[in-house]
Amino acid sequence: MKLFALNASRDFGEKVAISLGVALDAHEERKFEDGEHKARPLVSVRGEDVYIVQSLHGGPDQSPNDKLCRLLFYIGTMKENGASRVTAVIPYLAYARKDRQTKSRDPVTTRYVAQLLEAVGTDCVVTMEVHNIVAFQNAFRCQTIHLDTCRLFSNVAAKIAGDGPVVVASPDPGGVKRAQLFREALETSLGRPVGSAFMEKRRSAGVVSGNLLVGEVRGANVLIVDDLIASGGTMTRAASACREAGAQATYAFAAHGLFTGSAATTIKHPDLAKLFIADTVPPFRLDAQTLASHVEIISAAPLFAETIRRLHAGGSINDLLEGRS
């Protein structure tokens, strides 16, 4: 096995390597004066099973476009130099939110990104909590592995639930299936029923509307589950609706913390007790005090590492995804 992490995702890649009990393989990245760049491995990859870690979130130094381009070129370099299999390990997959045409002549960027990755010879894509798993799986013709957060957040969710009533809620109708899977996993963990709810939501030209809450939340701890948190408006809107309907407390769970726009203020809303995220995107847009008081980060690196281990050894990915050893 050869495990690489491009520089923009080196911190996450090192966590994956530690969980695997290996060291990251050496590579070189250079940037030229006109903005072009190149990357090459400093070890032979001929005949090797290669894994490349690169999260495609925007950052202070590179945009999602920069990171995608670097990943594509690096995958192509691996195939050019004889790698037998190349797996793109993408903790956060950019452009997954635009998975269908909602307005006339809209792009379908999920499919375009899939075509780009396949064009350079990608054999497998591993990612976590895309916006729409059906659209993601249908967009690719190469192997895909989609990791959810049920296993990642199970311990903290069970702790919050305690012995009292608990409800898992989706902040919009589109996330109902995600919330359902989370609820079913929590029911298995607790050994008792867990309630469900979802929030009405309509978005047009960037304006969100809809205030109907479906489900009984009175007296319960409510766990609001989503794929990502951007400005935080969707999460806090759902949290406020649950509190107004009599919820004891509301907690938010999201794989990816983008924290764009007014998120640093929004996530401090008094109706939201705490936010739990994975480390697929570094929370560089939040100050240390906000992070310490309102956000808890749970590392997804061990889950990605176990996925890589099973892929390399030919082990069962389905057992991993379904929570079996």
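The chain holds eleven helices and 16 strands, where helices (H or I, at least four residues) and strands (E, at least two) are DSSP runs numbered from the N terminus. This is a predicted model, in which local features need pLDDT of at least 70 and side-chain atom pairs count only at pLDDT 80 or more, while totals for chains, interfaces and linings use all residues. Residues are numbered from 1 along each chain as its sequence is written, and side-chain values use heavy atoms, with hydrogens and water left out.

**Overall dimensions**
- The radius of gyration of the chain, taken over C-alpha atoms, is 20 Å, which agrees with the value near 20 Å for a compact globule of 325 residues; that rule is 2.2 Å times the number of residues to the power 0.38.
- Along the principal axes, the C-alpha atoms fill a box of roughly 60 × 45 × 40 Å.

- Beyond its neighbours within four places in sequence, V16 is in contact (heavy atoms within 4.5 Å) with L3, A301, F304, A305 and I308.

**Burial and surface**
- Of the 325 residues, 50% count as buried, meaning under 20% relative accessible area with a 1.4 Å probe, protein chains only.
- The chain exposes about 14,800 Å², of which carbon and sulfur atoms supply 49%, by the Shrake-Rupley method with a 1.4 Å probe.
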